[in-house]
Amino acid sequence: MTAHVTSLHTYLAHGGSAAVSPPSATVAGIWDLMQGEARTYRDPVLRELTRPAVLDQPDFATALAFLLSRKLSSDLVRKATIFALIRDFQRLRPQAVDMAVADLAAICARDPAATDHLVPFLFFKGFHAIQSYRVAHWLWHENRKPLAHYIQSRTSELFAVDIHPAAHLGQRIMFDHGTGIVVGETAVIEDDVALLQNVTLGGTGKEGGDRHPKVRRGALIGTGAKVLGNIEIGEGAKIGAGSIVLKPVAPFTTVVGNPARVVGTRHEDLPSLTMDQALPDYVI
């Protein structure tokens, strides 16, 4: 079962290809790996977490619901209530479980801080925030918008990541560190995108309607960058740390600065897969 997982890791480790989509990890394959990893955790304190959260769970989906329900519950909304809500979501939207596995496999392949699959599953708040968003997004489209806002609010409080429930996110997305990421209501983040900490996909004022960025496949947005307005960040684009982006960015182009401007020449890879944040020589 782990062959699909290995092939995904190999694809991402070699930078992938802009022309094709990476192979999919299997839910069962990832779950087998996580269970095996949990058995190697010998710290008696940590075993109090890994036993109920992983080893005692029947499958990946239930384990994810267990973990998120403990985090998203509050004094006023019980863990059992949130757990039942997430399990309903997973039954009605089974593709969301596949997407969570794809997100997790991508993190493990692209982030050297992910020493195994269990570490990001249990501890990476960027991963937790995206999976919580998926529940809120479902609620939003089920016309349970106040409850979607509750999930959004709890996610922001717990993980310092604020994703509007109406935003559209793909899969194999990586929010590295996560802290301070803001994704507006009409934003779109396609597959294989990477955002680093303190990135904002925001509007430019108080106008309504379609007002947030559209980030296409494989783009990499560096630490602290602000991308504002209904603009397109093209496939495979790279935005340097701290940039202020107010105009569209062409595919496979690097921009940097305030305001952001093109530097270097067109590249051919998807920078989100290599996580290469180096910039060509430039003068602003």
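A salt bridge here means a side-chain nitrogen of Lys or Arg within 4 Å of a carboxyl oxygen of Asp or Glu. Keep that in mind for this predicted model, because Glu235 and Arg217 meet that cut-off, with N and O 3.3 Å apart. The two sit in separate loops, 18 residues apart: Glu235 between β11 and β12 (238–239), Arg217 between β8 and β9 (220–221). Arg217 is buried, at a relative accessible area of 13%, while Glu235 comes out as partly exposed at 25%.

Let's step back to the whole chain. It has 10 helices and 15 strands. Its radius of gyration is 19 Å, close to the 19 Å that the globule rule gives for 284 residues, so the chain is as compact as a globular protein of that length. The C-alpha atoms fill a box of roughly 55 × 40 × 30 Å along the principal axes, and 53% of the residues count as buried.

Now for one of the sheets. Strands β2, β5, β8 and β11 line up in that order in an open, parallel sheet. β2 (168–169) and β11 (232–233) each have a single partner strand, so one side of each is left without a neighbour in the sheet. Further in, two bridges join β5 (residues 188–189) to β8 (residues 214–215), and Ile189 stands opposite Val215.

Arg211, between β7 (200–202) and β8, and Glu185, between β4 (181–183) and β5, are 26 residues apart in the chain, yet they form a salt bridge with N and O 2.8 Å apart. Arg211 is buried at 18%; Glu185 is partly exposed at 26%.

Which residue is buried yet has no salt bridge? That's Asp111, whose nearest side chain of opposite charge, Arg110, is 9.0 Å away. The 4 Å cut-off therefore rules that pair out. Asp111 lies in the loop between α6 (95–110) and α7 (118–123). Leaving aside residues up to four places away in sequence, Asp111 touches Phe124, Met174 and Asp176.

Finally, have a look at helix α2 (residues 27–39). At 1.5 Å a residue, its 13 residues should span 18 Å, which agrees with the 19 Å between its end C-alpha atoms. Several α2 residues are buried, including Ile30, Trp31 and Met34.

Technical notes. Residues are numbered from 1 along each chain as its sequence is written. This is a predicted model: local features need pLDDT of at least 70, side-chain atom pairs count only at pLDDT 80 or more; totals for chains, interfaces and linings use all residues. Side-chain values use heavy atoms; hydrogens and water are left out. Two strands pair if DSSP finds at least two bridges between them. Helices (H or I, at least four residues) and strands (E, at least two) are DSSP runs, numbered from the N terminus. The expected span of a helix is 1.5 Å times one less than its number of residues. Buried means under 20% relative accessible area, exposed over 50%, partly exposed in between (1.4 Å probe, protein chains only). Lys and Arg count as positive and Asp and Glu as negative; His and the chain ends are not counted. Contact means heavy atoms within 4.5 Å. The radius of gyration is taken over C-alpha atoms; the globule rule is 2.2 Å times the number of residues to the power 0.38.
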